[in-house]
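Please read it alongside the sequence and the structure shown here.

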Amino acid sequence: MKVSYKSKDNYIVVIGSNSGIGIALVKQLLETGAIVIGADIQEKSKVPFNENYLYYKVNPLDYNSVTSLVDFVKEKTNKIVGLINLSGAITHFKSIEEISIEEWNHTYDISFKSCFNSCKAFLPLLKSTPNSAIVNMSSGLAFIGQKNYGPYTAGKASVIAFSKTLAAEVAPEIRVNTVAPGAVDTNFIYKEDGSTRFNKEQYEKIVPLGSIGTPEEISSVILFLLSDGATHMTGQCLHVNGGAGMH
Ligand SMILES: NC(=O)c1ccc[n+]([C@@H]2O[C@H](COP(=O)([O-])OP(=O)(O)OC[C@H]3O[C@@H](n4cnc5c(N)ncnc54)[C@H](O)[C@@H]3O)[C@@H](O)[C@H]2O)c1
């Protein structure tokens with residue numbers, strides 16, 4: 001079977017479209033002929049507009065803001081074939097003992113509640129479209145214990161558990177899968193002073209494939225999960241990490 005991604009004239013919504021991985025994904029989707037509606041917390045899109053690309057400012061942590069995005073999409077179409085949720089950030093890097101409840105909730109909500117809100121709000125549109133698919137972004141960190149990453153790893157582990165439940169509930173109409181990357185070269189891994197959150201050289205030495213990932217190496221796997229090569233996959237988590245973790 002030849003794997004293809006026939007998205008010509010199909011609408012796809014990418015939440016977190018201004019992320020490093022999101023920008024790579026939007027570009028790859030546009031190359032397939034899809035009509036992409038990008039959405040993110042920033043005022044302006046980082047991807048230039050064209051006739052197949054629209055952008056909407058959304059706060060994915062606020063359910064009402066996400067339903068406004070749904071209304072915006074409904075003005076264009078009643079059917080979307082794909083929804084991708086990419087929001088995630090570590091806003092507070094502290095131990096569980098040190099972190100405040102508000103700080104914990106903030107990072108946890110960016111990493112998980114954003115995904116819950118958008119999946120819930122977009123279910124009716126996705127259900128009414130044959131062969132639609134959701135891809136949610138988790139992280140390899142959800143599978144290992146690492147100091148100071150508590151609310152982020154809990155949020156990303158929630159994304160996986162939630163996606164499995166959703167996959168069972170919305171089958172066979174909608175497929176739901178997650179991607180769990182290892183380290184990827186985006187803003188996410190850099191601190192404000194430009195240094196990385198971890199020792200990149202040391203990390204690359206232990207990665208069997210020899211390097212951290214590029215945004216395109218992650219977005220291409222998302223594209224696969226949306227494609228007709230993945231029509232028998234739902235409730236799965238794909239690890240994309242150069243072999244850094246073998247699951
Ligand atoms: N880069 C990595 O090493 C890596 C590894 C595993 C998983 N991920 C995940 O991949 C996804 C994309 O990240 P990226 O690597 O492209 O990094 P990025 O920093 O470029 O993107 C982060 C995304 O989260 C959104 N975001 C940040 N703070 C927010 C807030 N307060 N409210 C709403 N949205 C907010 C940003 O707008 C952006 O869309 C994230 O979910 C991230 O957790 C990244």
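Thr186 lies in the loop between strand S6 (174-181) and helix H5 (200-206); helices (H or I, at least four residues) and strands (E, at least two) are DSSP runs, numbered from the N terminus. This is a predicted model, in which local features need pLDDT of at least 70, side-chain atom pairs count only at pLDDT 80 or more, and totals for chains, interfaces and linings use all residues. Residues are numbered from 1 along each chain as its sequence is written, and side-chain values use heavy atoms, with hydrogens and water left out.

- Not counting residues up to four places away in sequence, Thr186 touches Gly20, Ile21 and Pro215 (contact means heavy atoms within 4.5 Å).

**Packing of H3 and H4**

- Helix H3 (residues 101-127) packs with helix H4 (residues 150-170) at an angle of about 15 degrees, and their axes are 7 Å apart (axes are lines fitted to C-alpha atoms, for helices over the stretch in contact, and angles run from 0 to 180 degrees between N-to-C directions).
- H3 is therefore roughly parallel to H4 (angles under 35 degrees count as roughly parallel, over 145 as roughly antiparallel, 65 to 115 as roughly perpendicular and the rest as oblique).
- Residues making the contact include Tyr108, Phe112 and Phe116 of H3 and Tyr152, Phe162 and Leu166 of H4.
- By class, the contact of H3 with H4 has 14 nonpolar, five polar and one charged residues (Ala, Val, Leu, Ile, Met, Phe, Trp, Tyr, Cys and Pro count as nonpolar, Asp, Glu, Lys and Arg as charged, and the others, Gly among them, as polar).

**Aromatic rings**

- The structure holds nine aromatic pairs (rings of Phe, Tyr and Trp, the last by its six-membered ring, pair if their centres lie within 6.5 Å; planes under 30 degrees apart count as stacked, over 60 as edge-to-face and the rest as tilted).
- Phe112 and Phe116 form a tilted pair, 6.5 Å centre to centre with 40 degrees between the planes.
- Phe112 and Phe116 are separated by about one helical turn because they are four residues apart in helix H3.
- Phe112 is buried at 14% relative accessible area, whereas Phe116 is partly exposed at 33%.
- Phe112 and Phe162 have ring centres 5.6 Å apart and planes at 80 degrees, so this pair is edge-to-face.
- This pair links distant parts of the chain, with Phe112 in helix H3 and Phe162 in helix H4, 50 residues apart.
- Tyr108, Phe112, Phe116 and Phe162 form one aromatic cluster.

Terms used: Buried < 20%, exposed > 50% of the residue type's maximum accessible area, 1.4 Å probe, protein only.
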